[in-house]
Every structure is written in structure tokens, then in C-alpha cells.
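Good morning, and thank you for coming.

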Amino acid sequence: MNTWSRKIWAITALAALVCLLAMGQAGAWVEEDLAKLLNMKECEECDLSGADLSGTNLHYAKLSRANLSGANLSRAKLYRANLYNADLSGADLGSAELINASLLAANLRDAKNVDSANFANADLSAATWTDGRRCKPKSMGECK
């Protein structure tokens, strides 16, 4: 193999490696976890980080201790969902319906579009809010 062929081969191999690494970063969630959530509305301790769940009906979903960091939950319907101790850091909550949801001890730090989400009667006790403060015990509907 001459020098020119080796250089072409090395560049091609490097480009393939970069593409594979970029694909791994694009969707960090575990496919099986996403399928489990969509089929059974139950995925406790799952990795759904970065998943696109926009507009999804997740009424009564069991998501305690789930990693939803960076997930797109805009317009998701999470009525009475259990998000106890879930990581929602950096998640997009634009127009999400979290009515009567349990967000007890959830991490909402740096969540996006929180002001347009509906938290009516949601339990936000001990949740870490967007500005880094903790919600007072028995906070319902808003972080007090």
C-alpha cells in the first residue's frame, strides 16, 4: 500500500469514527426504555435523556427516578404522572400539562419554558427549581 492510499484510508477511518461518535451523542436515551414508556406508561429509573416526547399522552405514567434531562416534553400530557425524584434538568416543558403530577424531589434546574407549563395541583415538594432553590414542603401548583 503506497503512502497516498494509507492517507486516504486513515482519513476515511477517522471520518467514520467521528460519525459514530456523533450518532451516539444525538440520542442518549435507551431505545428499550422509550419503548417501555410508550407501551406501558411505566419506566421507573429509565434513561430517557434527550428523548423527544413532545405531545405524547403520558397520563398516569410512572417515571420515578427517571433521567429525562434534556428531553423534549413540550405539549406532553403528564396528568397525574409520577415524576418522583426524576431528573428534568434542561428538559423542555413548554405547554406541558403536569396537572396533579407528583414532582416530589424532582430536579427542574435549567428546565426550559417552565412558565408555559401547567402545574395545577402538582406536588412540587422538595423539587429543585429552575433558579436552584428548593420548593418548600407541601408546595402545590407552584414553587413557594
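Residues are numbered from 1 along each chain as its sequence is written, and side-chain values use heavy atoms, with hydrogens and water left out.

Let me start with confidence. The pLDDT is the predictor's confidence in each residue, on a scale from 0 to 100. Its average over the chain is 84, and 81% of the residues reach at least 70. Where does pLDDT stay under 50? That happens over residues 13-26, and for these the model has zero contacts beyond four places in sequence, a contact being heavy atoms within 4.5 Å. Where pLDDT is low, the predicted coordinates should not be read in detail.

I turn now to L68. Is L68 buried or exposed? L68 is buried, with a relative accessible area of 1%; buried means under 20%, exposed over 50%, and partly exposed in between, using a 1.4 Å probe and protein chains only. Leaving aside residues up to four places away in sequence, L68 touches L48, S49, L53, L63, L83, D87, L88 and A91. The C-alpha atoms of L68 and G90 are 8.6 Å apart, although 22 residues separate the two along the chain.

Next come the aromatic rings. Rings of Phe, Tyr and Trp (its six-membered ring) pair if their centres lie within 6.5 Å; planes under 30 degrees apart count as stacked, over 60 as edge-to-face and the rest as tilted. By this rule there is one aromatic pair. The ring centres of Y60 and Y79 lie 5.8 Å apart with their planes at 85°, so this pair is edge-to-face. The pair links distant parts of the chain, Y60 and Y79 being 19 residues apart. Y60 counts as exposed, at 51% relative accessibility, whereas Y79 is partly exposed at 26%.

Finally, the backbone. Most residues other than glycine have a negative phi. Which phi does D110 have? The value is positive, about 60°, although D110 is not a glycine. D110 is exposed, with a relative accessible area of 55%. A126, also a residue other than glycine, has a positive phi near 60°, and A126 is partly exposed, at 30% relative accessible area.

Key
This is a predicted model: local features need pLDDT of at least 70, side-chain atom pairs count only at pLDDT 80 or more; totals for chains, interfaces and linings use all residues. Helices (H or I, at least four residues) and strands (E, at least two) are DSSP runs, numbered from the N terminus.
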